[in-house]
Protein chains: 4
Amino acid sequence: MINVGIIGASGYTGAELIRLLTNHPKVKISYVTANKYAGQKVSALYSNFYGICNLSFEKFDLDIAKKKAEVFFIALPHGTAMDVVPELLGSSRKVIDLSGDFRFPKKDVYEKWYKMPHKHPELLGKAAYGLCEINREKIKKSNFISNPGCYPTGSILAVVPLLKEEIIFEDDIIVDAFTGASGAGRSASKETHYCSCDENVSSYKVGGTHQHIPEMEKEMGKISGKEVKLTFTPHLASFSRGIYSTIYCKLKKSISTEELLKIYNNFYKDDYFVKVLPKGVYPEVKSVAGSNFCQIGLEVDERTGRVIVISAIDNLVKGASGQAIQNMNLICGFDEKEGLKTVGLIP
Amino acid sequence: MINVGIIGASGYTGAELIRLLTNHPKVKISYVTANKYAGQKVSALYSNFYGICNLSFEKFDLDIAKKKAEVFFIALPHGTAMDVVPELLGSSRKVIDLSGDFRFPKKDVYEKWYKMPHKHPELLGKAAYGLCEINREKIKKSNFISNPGCYPTGSILAVVPLLKEEIIFEDDIIVDAFTGASGAGRSASKETHYCSCDENVSSYKVGGTHQHIPEMEKEMGKISGKEVKLTFTPHLASFSRGIYSTIYCKLKKSISTEELLKIYNNFYKDDYFVKVLPKGVYPEVKSVAGSNFCQIGLEVDERTGRVIVISAIDNLVKGASGQAIQNMNLICGFDEKEGLKTVGLIP
Amino acid sequence: MINVGIIGASGYTGAELIRLLTNHPKVKISYVTANKYAGQKVSALYSNFYGICNLSFEKFDLDIAKKKAEVFFIALPHGTAMDVVPELLGSSRKVIDLSGDFRFPKKDVYEKWYKMPHKHPELLGKAAYGLCEINREKIKKSNFISNPGCYPTGSILAVVPLLKEEIIFEDDIIVDAFTGASGAGRSASKETHYCSCDENVSSYKVGGTHQHIPEMEKEMGKISGKEVKLTFTPHLASFSRGIYSTIYCKLKKSISTEELLKIYNNFYKDDYFVKVLPKGVYPEVKSVAGSNFCQIGLEVDERTGRVIVISAIDNLVKGASGQAIQNMNLICGFDEKEGLKTVGLIP
Amino acid sequence: MINVGIIGASGYTGAELIRLLTNHPKVKISYVTANKYAGQKVSALYSNFYGICNLSFEKFDLDIAKKKAEVFFIALPHGTAMDVVPELLGSSRKVIDLSGDFRFPKKDVYEKWYKMPHKHPELLGKAAYGLCEINREKIKKSNFISNPGCYPTGSILAVVPLLKEEIIFEDDIIVDAFTGASGAGRSASKETHYCSCDENVSSYKVGGTHQHIPEMEKEMGKISGKEVKLTFTPHLASFSRGIYSTIYCKLKKSISTEELLKIYNNFYKDDYFVKVLPKGVYPEVKSVAGSNFCQIGLEVDERTGRVIVISAIDNLVKGASGQAIQNMNLICGFDEKEGLKTVGLIP
């Protein structure tokens, strides 16, 4: 039984960490912080916790934090996570950071895409990139994990086998992806007002300006050994949880859907949370909602020489808090699946 | 580890039993039937099960059933459940029937409200009514459980403390309740077409004709020791899972919201799955969706001498499959909460 | 062709006035104000207006207002409307106020339920209550209309025939009503966040504290000639537009559904916007969404001596902006239906 | 005032024709057929029509049809429309066919993609393709219109200016498009069950097998004068009405977003129903829902040399029935906008 702390626990990813860890058999949540809501019960913000989670948010305090927990999840916004990560690492605590602050080895890339200065460049490149299926061995040896972004999780898992096998052109990839409204965070905004969002689809950061682009290109590049260049369009759709990605790749050579599925099944044969669907079946947001699974389906379009790969994850689980727990399981020596076995909700 | 069978496993309550039991630590699903889909994989009907549940539906066969499992969940429609229950009971198997077929001690009540003849009146009155919080001791001693209806579960839990304490007039109760679309079953229909159902509310069986009325009146009557008479209107709202009940009761005497909440908290103090909310907080469908919890909130309207009690459950979990598993836990001597601890999904 | 102004045009009811009046054949919108958004295009807030409505919001200015328009719609929040109404009336302009500021003849009732002082008690009782079907003749002769609240519109239309014919007990009425999220206004809030609101139902102001209660009781009382007392529970459901009311009334005498429908059909025979549905058919939110219609259905529950009346309106149209235009049509001598004939959207 | 008939009026596009034509000032609906529902009221299928449309469905009969109407909308499924079109044309009636039966000049293309034999190849190539903005002059002179498919309407309008100006490579176009559930038709199915469809996204006919592909390629090819080849993926999203298309095109030369918007604005300057949005603003499904408008937005991705064009229409209006009425207006000499001016619903 280990004690864990959640820093920045009032947002959706923080609340999802609490929800999932509440039933994790090897973990006790001993410390949850949210400066803005210090003193308030978690259940006052999230009514599903009444009678279940009796914790109150505290104001973050390093000395108290160190005493209370061994492993910390940082669920703070980009730019704020970097304020607490160094201190916790310096206190020899295990840190899993869900923000984008430590995903890049280079300061200039971070500052260009996140449009803010990085205060701790000395830590860049120190974190293991926490995409468990791709980076499992490095993660196991690390005390500092940079948890992947939601879009990168969905799209990298979808194309890794293609890049590894050099089946597609590395500079002709298009990622068209839909996030659920929880991806926009708990703060109320015009975009997430029910009346703006329900039965709607909209788009944002069109034309290659989303900060997840360099993360995808970097990680895909590492795998392929070549420079990857992709066009990415994020959309907002009317579901609470999910990332649905449709990825268009140009084939280097003719290959059938069946052959590709064989490659995928083989690639992911030991990865419990990645499910490659049979030919003619495609992922659905609802099939993975509430779960840590990633579904992948694909189809070759022979007329145009492209392969279309589709993936679905729950942005709050496999795209954030679930994957963070999967990382915790790895670095703490637990079964990778512990606390994460819930099957996606259908209906 | 016990082996369980699910008879009629292709519908929503059947699929939910599979989903929940997949992660129950003391149970192995060894037999799932669906005559219509015999030979097909469960995952072919419900894509969340790809790579998770490898079972195929079988055609029901008593001899095979008896060999394969000790405990049976009957998730067949009303009128069909009564065809298999007697045989399984006769083979000394434990039976939890989710249909309405064995909820009444009297043939004529069943036949009047369900509008079909009862083929096994000799078994009427033999089943324990499986509302665990109200009937726990009887359930523990029984091998034959009649699992409550979804509407009765939500409304009975909401008013039991009032009836027990004789605070309200037993013949002046109004239950206004909303079901999610899964309550209408998996079969496609005009009513459950997305275009008919989303962003909509509609009503059905208005004017006191729903078959859950006698079930509510009977069970409430048992608790109060007086004849209960209620007006009930069921509505269909745009959510997949949930029963949201607003119940209007006429107070026999003046009493405050605070006093009533004290009575409720005391009444349910040992019931993990019933959560009485603090004053000013009311249940929400989303707070319990995907979980076995029942939330209850209430408020006295002094101007009109009524108390308004609101309850929320997930119709597929506490209103059906989750409660069935809670019953199984009781009759098998497991911890009542086993396999049912998932916290409701927010957001 | 008359010129109309909309004061407080940036909220949902303001935007709906613009949307509907854009195609009104006898009206030109000449002035729209929103102090907070002064200088911005209407289309910058509501993208459906790009290329259709080229107006910009202005800061309210009485002198400019007087010059620009003859008829004014006040779509300001309660407590703010009373700041501009007197000046516009004083300038001999026709005023249709959508707020609650002038719905009561008595200062103390307003101040008790709206919890704020009334600055212009001298104007109380001067406005005609703008429920066209009930008050048409008074409206036609008036220059100052107080447009009804959304909940009162739905519930008063539903029970008027019963009260008029003295069929029900005036002090035993329960109104259980669901509003769509647009009823909470355009401002983003936790309650209207898509993730809080979709596939959910919640309740607020339970126990008789909603400010629409005295409005309903007053208007129903006027019609029945007796004091009316009702229990009212408002809920928030997952649809953008609509008020869905289920009303429970205790019958004074036995009467059939058919007889009641006859009374309703006769009562509303000249009211184009009220549609009494045949026996066994009940209103749906979607059937009236986007339209100025009110659907009414009912059923007698003989077992309990109650009649259940259900009504559905679009809260932004018949419950606000559409009814305001209906009032404008009446006071300007236009056909009552002008600009309001759109049929509700199905699917 | 002309009399119009709707053949196959019980489906969603038929009902939408009735809904829109009910308020068309120059039209009387005199004949609606639906063999399956002959004798039933329109309002029995679509409750928004109670008290508004008193028509009953009839069984199609050529002799009666000819007597009753001058203009016919054919809202029958593909493969069935071809059974009635020849007879109506032969009787010198004006025909607007909403099916795909007469969209191709060549029999083999139809039979390959629609997978059924064509019974009237002699009529292929005779209909004017009813995409009004592109083909207005031909339509005006024709008595036989083949109304475009929903996906082609959204995507062709989005790329025509690019093809006309030879700005993009004609053989490197990707169309990623989402349809609302009404696109799947009124018949209940697993896919359109609320529980399968809400808060979900799924995909179908992935890999280049959708029958709208040759229609897009043919019409785009006509405009560009070159062979067009595109990859198309259709998805089903959780909204009732809408087609949301994101289109990826490879630029032949460097060009800015601003320059492209200028070209688009100029191209569509006389087309009331096409709205080109300003830089940084992108279409939304809700902005056009319930209306005949098509919104277009675009952005250049300089890093990857692509332009991303996004368009939104209501599949039942501009994508079917509204465009059919726009065609009727053109061939009957009415104002093109008549009966189609409703602004999209927000919120």
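This is a predicted model: local features need pLDDT of at least 70, side-chain atom pairs count only at pLDDT 80 or more; totals for chains, interfaces and linings use all residues.
Residues are numbered from 1 along each chain as its sequence is written, and chains are lettered from A and ligands numbered from 1 in the order in which they are written.

**Contact between chains B and D**

Between these chains, 12 residues of chain B are in contact with 12 residues of chain D; contact requires C-beta atoms, placed from the backbone, within 7 Å. On the side of chain B that touches chain D there are five nonpolar, five polar and two charged residues. Here Ala, Val, Leu, Ile, Met, Phe, Trp, Tyr, Cys and Pro count as nonpolar, Asp, Glu, Lys and Arg as charged, and the others, Gly among them, as polar.

**The nonpolar core**

The largest nonpolar core has 460 residues, and B:Ile74 and C:Ile74 have the most contacts inside it. Such a core is a set of buried Ala, Val, Leu, Ile, Met, Phe, Trp, Tyr and Cys residues joined through C-beta atoms within 7 Å. A residue is buried if 20 or more other C-beta atoms lie within 10 Å of its own, exposed if 12 or fewer, and partly exposed in between, with C-beta atoms placed from the backbone. Beyond its neighbours within four places in sequence, B:Ile74 is in contact with residues including B:Ile7, B:Val84, B:Ile96 and B:Leu98.

**Strands of chain C**

Helices (H or I, at least four residues) and strands (E, at least two) are DSSP runs, numbered from the N terminus. Two strands pair if DSSP finds at least two bridges between them. An open sheet of six strands in chain C has the order E2-E1-E3-E4-E6-E5, with parallel pairing. Its edge strands, E2 (27–33) and E5 (128–129), each pair on one side only. Within chain C, C:Ile96 stands opposite C:Ile145 in E6(C).

Strand E9 (residues 230–237) of chain C is largely enclosed by the rest of the structure, because eight of its eight residues are buried. Both faces are covered: C:Leu230, C:Phe232, C:Pro234 and C:Leu236 are buried on one side, and C:Thr231, C:Thr233, C:His235 and C:Ala237 on the other. The pairings of strands in chain C are as follows.

| Strands of chain C | Sense | Bridges |
|---|---|---|
| E7 (residues 168–179) and E9 | parallel | seven bridges |
| E8 (residues 201–203) and E9 | antiparallel | three bridges |
| E4 (residues 94–97) and E6 (residues 144–146) | parallel | three bridges |

C:Ile173 stands opposite C:Leu230 in E9(C), and C:Ser202 stands opposite C:Leu236 in E9(C).

**Backbone features**

Most residues other than glycine have a negative phi, and most peptide bonds are trans. B:Lys115 has a positive phi near 55° and lies in the loop between helix H5 (107–114) and strand E5 (128–129) of chain B. With 11 C-beta neighbours inside 10 Å, B:Lys115 counts as exposed. B:Glu199 also has a positive phi, of about 50°, but counts as buried, with 27 C-beta neighbours inside 10 Å. A cis peptide bond, with omega about 0°, joins B:Ile346 and B:Pro347.

Methods. Two residues are in contact if their C-beta atoms, placed from the backbone, lie within 7 Å.
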